[in-house]
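Have the structure open beside you as you read.

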Amino acid sequence: MEKNKEIRVRFAPSPTGYLHIGSARTALFNWLFARKAKGAFIIRIEDTDMTRHIEEAVLPILDSLKWLGIDWDEGPDKGGGYGPYRQSERPDIYRKYADSLLEEKKAYRCFCSPQFLKDSRLAAESRGKTFQYDRRCMDLPQEEIDRNLKDGMPFALRLMVPGNKVLEFDDRVYGSISVRSDTIEDFIILRSNGLPTYNFSAAIDDALMRISHVIRGEDHLSNTPKQILIYDALHMERPVFTHLPMILGPDGKKLSKRHGSVSMEAFRQEGYLPQAIVNYISLLGWAFDEKSTIFTRDELIDRFSLEDINKKGARFDHQKLLWMNGAYIRNTGEEALKEMLLKTIREKLEQVQPSSLLKEGPEPETAVSMIVPILRERIKTIDESLDWVMPFFTAIEYSPEMESYFDKKALDAAAVLDEIISCLEKLKKDFTSSNIEASLRSLSENLGLSFRKLAEVLRIALWAKKVSPPLFGAMEILGYELTLDRIRNYYGLIKGRQGP
């Protein structure tokens, strides 16, 4: 950690969609670093690329950060002493610095059309060469420049890259890096529409917002030399750079949608807990030691260090995240878990057709109080719990597979159900899980039938599938009437298949 230096870091998303897991990790690492140093964490929206910008994506990105528990000290919704915090509101600032570079002859007007540049690039590639702008506009006579301006000819501004210079910088992950300026063309800093390019706006904003450390993905490593050229040309102080390793899929390729869920919105909808997501993504490229995997938020803040970031690409493992989420669910307090489950159930019930809702089903609050103790050890996501709990509130349907399940089995399922009905009818006044278990186990012995087979018949009757929540507790929650109705319904289905 730097001494005698105010720590200011930023997360600067470009709103092109939902918050990707890689961007979430970048935000988290910046946030952890700032909170440990008691510094400032800033949100800046980079929205000057009109071809990719999606205004509707801004709020979901901020909402996802809030859901993860990542707060910020300055930003578009909070303000601060270095705003505005949206690049689209800062064009005059970029124009001011671009004009100063033009006046100092560190930049020049380029009147080359986009089509000409495209054709030149394609021609170079057809010859197997890398295109580099040939500076044809750098030494235009002043008379020609004045004539072009008078005629309203569009132009961009290019930075004049100094020749034969070695650009050196230290990266906290990748160490000492040097790049020869001869390999960098005179790149555009201001487009013909007056908007800045990424490298120009990012460098100016980081300098003016007094960003002490730039912590971002490895894919930005190639941008760093260009930004250093801008810092140096404007006599601005360089920040400390840290580039994070790529997040890879299980196949070793860059993580993308083809690998499954990759956005915070998707994980949220699938019932993952934000604490588990934060814990898991903190381990993608960083480790405290070789064995620790579960950390509280305070522990992450206390133990996080840029020096412990690994340069090797981090592989994203859905199964490990699923395991970790299950661990967090099991460690969540019962009341908190009830609230989460109840919220999920209510949201789901609002989407169900009224005709599918049970008229005599249990009240959600009552049912959830009974469900949580029997489910918390079995589910890995809150959303997964819906498969277990929705049949408490909605009608079930038997698939053709479940209707015919016992057709070719030696077990006479209809006869077993008939016995179960008679057995359970005696418990009408005391339909508790303990009484249900005692009666059904006794019935199993009397029939000379393994309880496993009896329970299989019962599960399909009650849940329309071979798995269910713990059987006796689930039957108590369903209640006497609904339990018997379902058993009788399934009995009628399979009895009818047997014929007269």
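Of the 500 residues of the protein chain, 50% count as buried, where buried means under 20% relative accessible area with a 1.4 Å probe, protein chains only. This is a predicted model, in which local features need pLDDT of at least 70, side-chain atom pairs count only at pLDDT 80 or more, and totals for chains, interfaces and linings use all residues. Residues are numbered from 1 along each chain as its sequence is written, and side-chain values use heavy atoms, leaving out hydrogens and water.

The protein chain has 20 helices and eleven strands; these are DSSP runs, with helices (H or I) of at least four residues and strands (E) of at least two, numbered from the N terminus. Its radius of gyration, taken over C-alpha atoms, is 32 Å, well over the 23 Å that the globule rule gives for 500 residues, so the chain is more spread out than a compact globule. That rule is 2.2 Å times the number of residues to the power 0.38. The C-alpha trace spans about 105 × 50 × 40 Å along its principal axes.

Now look inside. The count comes to one cavity of 30 Å³ or more; a cavity is a set of points on a 1 Å grid where a 1.4 Å probe fits but cannot get out, and lining residues have an atom within 4 Å of a point. α12 and α13 each supply at least two residues of the lining of the largest cavity.

| Helix | Residues |
|---|---|
| α12 | 334–351 |
| α13 | 364–375 |

The lining includes L337, V372 and R376.

Key. On a 1 Å grid over the protein atoms alone, a cavity is a set of points where a 1.4 Å probe fits but cannot get out, and a pocket is an open set with protein on both sides within 12 Å along at least five of seven lines; lining residues have an atom within 4 Å of a point. Grid points are joined across faces, edges and corners, and a volume is the space filled by probe spheres set on the points.
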